[in-house]
Amino acid sequence: MTATIEELEPTRRPRRTFTLRPSVREALWGFVFIGPWLIGILLFTAGPMLASLVMSLTDFNLVRPEATRFVGFDNYARLASDPTIWQSLIATFKFALITIPLTMGASLGFALLLNHPKLRFKGPLRALVYMPVMIPLVASTLVWLGFLNTETGWLNAILGSLGLLQPDWINSETWVYAALSMIGLWGIGNFMLINIAGLQSVPTELYEAARMDGAGSWAQFRRITIPLMSPVLLYNLVIILIGTFQYFTQAFVITNGRGDPNNATLFMNLVLYREGFIFNSMGYAAAIAWLLFVVVLVLTLVLFGVARRRVYYAGGER
């Protein structure tokens, strides 16, 4: 008997197809989309941070890189005995104590004003407040130098016409922090917009219920606006804190990096710049950078520790 073709051919098994679970597939696609960001943060953030940590343990000099030696924690021991570091820490903290509350209050005040329901032309006014953010820092600082000039500045001319004190804004240890704080207020547009977004997220029915109970504007602001905006205020506070401790450009332009008057504006970033790019002691500059990182990290952790009891998150725990 002759066998048929079907009998001679081996039985074909169905081909197995490899399929991923939907959750795994979604996770893989997520990694694909965030891949460029991960590569960027590894190459341009984590990599330089690790390199600076290694550099802080050496005596790396920009002029003589071939003579680099491992010195261990000598640079950090030098930090503890360097009077310039302590001067810069004190100057930075003094400036922070003035400029952080001023920036927080001014940005919130502008947000409340420009979010008022009866205010007309809100859009153009918000744009006017935000516009200085778009001006380069060096150019705006030079404009402010002219405005604050003791002899020819407009501010002293206005104060003199009113019979008020005309301070030496830039060359006085007493007034230089106020001058730098005013220059900082020039760029509060970002924080103002964030505060406006926070104000608009507060449910209006809460204000209506408070008015029915007889609450005034101050009681509504204190009992409703501030608690419900506390996450936004915390965010702004952290960003302003970090920016203040990284303060550099305005102080460098005003004093040409000298820290005048009498080291009052010798902030930590100025010391870091001088050590690394003027004295070419890049290993010591890297140690200063890590000291600055630790200081800001500790202060930020303290803020988040306080925020556990003070910040209200809708739908979550305090």
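The questions below take up salt bridges, aromatic contacts and helix packing in this predicted model.

Reader: How many salt bridges does the model have?
Author: The criterion is a side-chain nitrogen of Lys or Arg within 4 Å of a carboxyl oxygen of Asp or Glu. One of the pairs is R258 with D260, where the closest N and O atoms are 2.7 Å apart. By this rule the count is 3.

Reader: Are R258 and D260 buried or partly exposed?
Author: Buried would need under 20% relative accessible area, and exposed over 50%. R258 has 46%, so R258 falls in between. D260 has 29% relative accessibility, so D260 also counts as partly exposed.

Reader: Which residue forms a salt bridge with D59?
Author: D59 is partly exposed, with a relative accessible area of 28%. Its side chain meets its partner at 3.2 Å, N to O. The partner of D59 is R69.

Reader: How many residues apart in sequence are the parts that D59 and R69 tie together?
Author: The side chains of D59 and R69 meet in a salt bridge. Both D59 and R69 lie in the loop between α2 and α3, so the pair ties together parts whose separation in sequence is 10 residues.

Reader: Which helices hold R78 and E275?
Author: The side chains of R78 and E275 meet in a salt bridge, 3.7 Å from N to O. The pair ties together parts that are 197 residues apart in sequence, because R78 lies in helix α3 and E275 in helix α13.

Reader: Over the ring of which residue does the charged end of R78 sit?
Author: R78 forms a salt bridge with E275. The charged end of R78 also sits over a ring, 3.6 Å from its centre. That ring belongs to Y284.

Reader: What kind of aromatic pair do F252 and Y273 form?
Author: The model has 16 aromatic pairs. In the pair of F252 and Y273, the ring centres are 5.2 Å apart and the planes make an angle of 75°. Planes over 60 degrees apart fall in one class. The pair is therefore edge-to-face.

Reader: Where do F252 and Y273 lie, and how many residues apart are they?
Author: F252 is partly exposed at 22% relative accessibility, and Y273 is partly exposed at 27%. F252 is in helix α12 and Y273 in helix α13. The pair links distant parts of the chain, with a separation of 21 residues.

Reader: Which residues form one aromatic cluster with F95?
Author: The aromatic pairs number 16. One aromatic cluster has F95 as a member.

Reader: Are α13 and α14 roughly parallel or roughly antiparallel?
Author: The axes of α13 and α14 lie 7 Å apart, at an angle of about 160°. An angle over 145 degrees sets the class. So α13 and α14 are roughly antiparallel.

Reader: Is the crossing of α13 and α14 left-handed or right-handed?
Author: Helix α13 covers residues 268–278, and helix α14 covers residues 282–310. The two helices pack together. Where α13 passes α14, the crossing is left-handed.

Notes: Residues are numbered from 1 along each chain as its sequence is written. This is a predicted model: local features need pLDDT of at least 70, side-chain atom pairs count only at pLDDT 80 or more; totals for chains, interfaces and linings use all residues. Side-chain values use heavy atoms; hydrogens and water are left out. Helices (H or I, at least four residues) and strands (E, at least two) are DSSP runs, numbered from the N terminus. Buried means under 20% relative accessible area, exposed over 50%, partly exposed in between (1.4 Å probe, protein chains only). Rings of Phe, Tyr and Trp (its six-membered ring) pair if their centres lie within 6.5 Å; planes under 30 degrees apart count as stacked, over 60 as edge-to-face and the rest as tilted. A charge sits over a ring if NZ of Lys or CZ of Arg is within 6 Å of the ring centre and within 35 degrees of the ring normal. Axes are lines fitted to C-alpha atoms, for helices over the stretch in contact, and angles run from 0 to 180 degrees between N-to-C directions. Angles under 35 degrees count as roughly parallel, over 145 as roughly antiparallel, 65 to 115 as roughly perpendicular and the rest as oblique. A crossing is left-handed if the near helix is turned anticlockwise from the far one by less than a right angle, and right-handed if clockwise.
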